[in-house]
Amino acid sequence: MNRLEKKEKRRQEILNVALDLFISKGYAATRTADIAHIIGMSEGLLFHYFETKEKLYLTLLNIAIQGKENVFELKNISPICFFIQTAKMILDYITHEPFAAKLFVLMNRAQYDVALPKPTCNYILRKKDFDYSVELIIQGQKEGSIKEGNPIALAIAFFMAIQGIAENIARNPDMPVPDSEWIVDIIRRK
């Protein structure tokens, strides 16, 4: 393994430990010294990778948000196909990547963590929206592939079901994952 690969491996190790601590202890109670201690490095070396605790936290949020944005890149497909592919893609990902399931927990907790610095809170709120999925639900209702009902409520039901599954997998990786079609049935017209 070359030097660059070692550095990237160490960076990922920091992210994994930080994610676990941010989830279990919250932002305020997580200390960079604790992260460094668990990894077996000095706190100074940790700051070589991430200048501040907030930047480390923001890096984790960016990874989570990028994953969410990848889902919304599914374009030019029917509304119901969007939801079918989204559910399958996310559930497959969290099943095979425990880190991804934990990111769902972090994103959920971040929305309520009063200890987060104001710029971080604003960043989270700016990225949080259901607009595109609501538009697709309205379109699917017109086409007859998505059930009638409040489009915002349907989007919330769909994504909160995925959120709940991801959080369960983060805590219990050996639990069975529901079939993605079951999640789609929340919004699918039968």
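Which residues have the most contacts inside the largest nonpolar core?

**Figure 1. Overview of the predicted chain.** This is a predicted model, in which local features need pLDDT of at least 70 and side-chain atom pairs count only at pLDDT 80 or more, while totals for chains, interfaces and linings use all residues. Residues are numbered from 1 along each chain as its sequence is written, and side-chain values use heavy atoms, with hydrogens and water left out. The secondary structure comprises ten helices and zero strands; helices (H or I, at least four residues) and strands (E, at least two) are DSSP runs, numbered from the N terminus. The C-alpha trace spans about 60 × 35 × 30 Å along its principal axes. Of the 190 residues in the chain, 41% are buried; buried means under 20% relative accessible area, exposed over 50%, and partly exposed in between, with a 1.4 Å probe and protein chains only. Among contacts (heavy atoms within 4.5 Å) between residues at least 6 apart in sequence, 68% join residues at least 24 apart.

**Figure 2. The largest nonpolar core.** A nonpolar core is a set of buried Ala, Val, Leu, Ile, Met, Phe, Trp, Tyr and Cys residues joined through side-chain atoms within 4.5 Å. The largest such core has 56 residues, and those with the most contacts inside it are I14, I35, L60, F83, I94, L106 and F158. Helix α9 (residues 151-171) supplies the largest share of this core, nine residues. Leaving aside neighbours within four places in sequence, I14 is in contact with I35, I39, M41, L46, Y49, F50 and L56.

**Figure 3. Helix α2 and its neighbours.** Helix α2 covers residues 32-39, and T32, D34, I35, A36 and I39 are buried in this helix. The buried residues of α2 pack against α1 (3-25), α3 (43-49) and α4 (53-71). Just after α2, G40 takes a positive phi of about 90°.

**Figure 4. Packing of helix α5 against helix α9.** Helix α5 (residues 79-96) and α9 pack at an angle of about 10°, with their axes 10 Å apart. Axes are lines fitted to C-alpha atoms, for helices over the stretch in contact, and angles run from 0 to 180 degrees between N-to-C directions. The two helices α5 and α9 are therefore roughly parallel to each other; angles under 35 degrees count as roughly parallel, over 145 as roughly antiparallel, 65 to 115 as roughly perpendicular and the rest as oblique. From α5, the contact is made by F83, T86, A87, I90, L91 and I94, and from α9 by F158, F159, I162, I165, A166 and I169. By class, this contact of α5 with α9 has eleven nonpolar, one polar and no charged residues. Here Ala, Val, Leu, Ile, Met, Phe, Trp, Tyr, Cys and Pro count as nonpolar, Asp, Glu, Lys and Arg as charged, and the others, Gly among them, as polar.

**Figure 5. Helix α5 beside helix α6.** The axes of α5 and α6 come within 5 Å and cross at roughly 115°, and the two helices are therefore roughly perpendicular to each other. In this contact, I90, Y93, I94 and H96 in α5 meet P98, A100, A101 and F104 in α6. The contact of α5 with α6 has seven nonpolar, one polar and no charged residues. P98 belongs to helix α6 (residues 98-110) and is partly exposed, with a relative accessible area of 47%.

**Figure 6. Aromatic pairs.** Rings of Phe, Tyr and Trp (its six-membered ring) pair if their centres lie within 6.5 Å; planes under 30 degrees apart count as stacked, over 60 as edge-to-face and the rest as tilted. By this rule there are seven aromatic pairs. F22 and Y27 form a stacked pair, 5.9 Å centre to centre with 15° between the planes, and both F22 and Y27 are buried. The rings of F83 and F158 have their centres 5.0 Å apart and their planes at 80°, so this pair is edge-to-face. F83 lies in α5 and F158 in α9, so the pair ties together parts that are 75 residues apart in sequence.

**Figure 7. The surroundings of S133.** S133 is found in helix α8 and is buried, with a relative accessible area of 0%. Not counting residues up to four places away in sequence, S133 touches F72, F83, A155 and F159.
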